[in-house]
Amino acid sequence: MTNISDKWWILLLVMVSTFMAVLDTTIVNVGLTAMMHSFSSPLMDVEWVVTGYLLSMCVMLPSAGWFAQKWGYKRLFIIGMVIFTTGSLLCSLSNTLPQLVGSRVVEGFGSGIIQPLGMAMVAREFDRQQRGLALGLWAVASAASVSMGPYLGGLLLEAHSWHSLFVVNIPIGLVTTAGAWMIMKESHEESTGNFDLRGFLYIGLGLPMLVVALSLGSNYGWSSPWIVALIVLSLLAIYLFVKRSLTISSPILDLSIFRFRSFTISIVALSFFSIGLFAGNYLLPIYLEHILGYSTLAAGMAFLPVGIIQGSLAPLTGVLSRFTGHKRLIVAGLVVFVSYFLISTLFTTHTPHWLIMLSLYMRGIGIGLAFTPLNDLAVSELKRNEMASASGMANTVKQLSGSLGIAIFTALISSRVAHHALTIDSSEAYVGAISTSFLIAAILAAVGLVVVLFIREARQPVAAAAPPNNT
């Protein structure tokens with residue numbers, strides 16, 4: 001176990017790396033229009049800047065934990081940071097769209113290593129009494145990156161070209177890598193076993209194919225033969241991966257952790273929670289910019305209070321959960337989160353700014369209350385050597401759920417606008433489609449709330465809390 005002072009430095013390094021990795025999924029979205037003009041390319045081509053990043057990230061998300069247990073958490077974390085920083089440098093130097101997409105693929109490999117290791121390292125370093133606070137502070141980084149991404153992107157694009165969106169990662173990546181080299185102590189599992197190449201190929205092909213199908217289905221049509229083929233092949237590959245992981249002694253992702261009721265329920269709830277979370281990130285900027293006429297910077301500024309509220313509540317809930325239990329905080333957060341979506345269904349072409357900000361405040365409160373105790377509950381019964389698989393599974397589910405949500409809402413908006421374009425004003429059709437999308441997101445988040453109600457949480461007095469079963 002790392003000494004007391006070093007583990008807090010490790011938490012800081014993990015927070016910075018998480019901030020960078022998540023920021024790169026939000027800050028680039030605001031630069032797609034600038035890239036279209038720079039490369040004289042349609043959005044369908046420029047979207048590969050986002051899709052390429054997701055593809056390579058999904059290859060590493062499930063397997064990063066196995067490599068960390070085998071090669072060492074410190075070593076793999078540094079490798080991930082070096083790959084991510086190198087990818088950012090290559091992106092900033094790209095002059096053609098193929099170069100940029102290829103560089104984003106490199107970045108995605110690094111992000112796919114960094115993100116699952118973050119939660120696993122925090123859960124390993126801190127005991128049960130401090131874990132809630134540590135996970136809450138770690139959640140601050142994620143909250144800050146989601147809310148600051150559009151704002152920071154708008155600032156950089158006003159003053160510089162889209163290349164600056166990637167330059168910002170380079171000095172932070174170098175400092176974080178150096179800090180990890182000096183502070184972290186190496187740790188790994190001796191009994192990891194042989195690498196499951198077949199399982200890696202199954203999941204390494206299945207997840208990217210599914211992401212491509214979900215990302216491009218609305219562009220090419222869901223009945224397109226190659227979209228259908230991608231979905232079928234991806235589901236077959238994922239099925240073969242699950243079947244193999246349950247029958248071999250050393251899978252790259254230990255699916256036996258689903259034997260724990262709290263982990264299983266938390267993951268199911270997280271899947272519904274993530275669809276709504278990504279929906280808000282995707283739908284609201286479209287509404288603010290294309291319907292209400294907000295500038296990119298103004299739309300980004302609207303998200304800043306969300307990050308402040310969420311970041312303030314996250315570590316607080318980590319402490320409060322020791323007294324109230326996780327379930328009450330999660331339920332309260334999800335109730336507020338569902339209410340945020342319901343208010344968003346009231347948006348029109350003339351929605352006052354105060355109503356928009358009210359909905360965003362509720363979003364920040366809901367996520368801030370629910371996210372940290374949900375993560376803490378997920379790992380509460382796990383052993384130390386199971387944390388990596390749990391983190392890989394949580395990040396994979398979150399990413400796939402988000403991609404599914406975006407695919408659903410993109411298809412809905414496209415079909416509604418196309419259907420009503422000849423009969424009503426296109427902006428009215430757009431708003432109607434977005435309102436319907438928010439309603440669907442509210443229903444899905446409510447399903448996640450119902451799932452959480454099935455949690456049976458064993459309450460213990462704070463002073464008598466048992467130490468973690470880290471064997």
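The side chains of Arg-244 and Asp-196 meet in a salt bridge, 2.7 Å from N to O. By salt bridge I mean a side-chain nitrogen of Lys or Arg within 4 Å of a carboxyl oxygen of Asp or Glu. This is a predicted model, so local features need pLDDT of at least 70, side-chain atom pairs count only at pLDDT 80 or more, and totals for chains, interfaces and linings use all residues. Residues are numbered from 1 along each chain as its sequence is written, and side-chain values use heavy atoms, with hydrogens and water left out.

Back to that pair. Arg-244 lies in helix 12, residues 225-245. Asp-196 sits in the loop between helix 10 (169-183) and helix 11. So the bridge ties together parts that are 48 residues apart in sequence. Helices here are DSSP runs of H or I, at least four residues long; strands are runs of E, at least two; both are numbered from the N terminus.

Are the two partners buried or exposed? Arg-244 is partly exposed, with a relative accessible area of 22%. Asp-196 is buried, at 3%. The cut-offs: buried is under 20% relative accessible area, exposed is over 50%, and partly exposed is in between, with a 1.4 Å probe and protein chains only.

How many salt bridges does the structure hold? The count is 3. Asp-24 forms one with Arg-104, and their closest N and O atoms are 2.8 Å apart. That pair links distant parts of the chain: Asp-24 is in helix 1 (residues 4-26), Arg-104 in helix 7 (residues 97-125), and they are 80 residues apart. Asp-24 is buried, with a relative accessible area of 1%. Arg-104 is buried too, also with 1%.

Arg-104 has another partner. Glu-107 forms a salt bridge with Arg-104, with the closest N and O atoms 3.0 Å apart. Glu-107 and Arg-104 are 3 residues apart in helix 7, so about one helical turn separates them. As a reminder, an α-helix has 3.6 residues a turn, so residues three or four places apart point the same way. Both Glu-107 and Arg-104 are buried. Shared partners join Asp-24, Arg-104 and Glu-107 into one network.

Now the aromatics. Rings of Phe, Tyr and Trp (its six-membered ring) pair if their centres lie within 6.5 Å; planes under 30 degrees apart are stacked, over 60 edge-to-face, and the rest tilted. By this rule there are 15 aromatic pairs. One of them is Phe-39 with Trp-162: tilted, 5.4 Å centre to centre, 55° between the planes. Phe-39 is buried, at 15% relative accessible area. Trp-162 is buried, at 4%.

Next, Phe-347 and Phe-438. Their pair is edge-to-face, 6.2 Å centre to centre, with 80° between the planes. Phe-347 is in the loop between helix 15 and helix 16 (353-378), and Phe-438 is in helix 18 (residues 426-452), 91 residues apart. Both are buried.

Helix 15 covers residues 326-344, 19 residues in total. The helix reaches 27 Å from its first C-alpha to its last, close to the 27 Å expected at 1.5 Å a residue. That expected span is 1.5 Å times one less than the number of residues.

On to Ser-274, in helix 13 (residues 261-291). Ser-274 counts as buried, at 1% relative accessibility. Leaving aside neighbours within four places in sequence, Ser-274 is in contact with Lys-398, Ser-401 and Gly-402. Contact means heavy atoms within 4.5 Å.

Last, the whole chain. There are 18 helices and 0 strands. Of the 471 residues, 58% count as buried. Among contacts with a separation of 6 or more, residues 24 or more positions apart account for 85%. The accessible surface comes to about 18700 Å², and 69% of that belongs to carbon and sulfur atoms. Accessible areas come from the Shrake-Rupley method with a 1.4 Å probe; for residues, only the protein chains shown count as cover.
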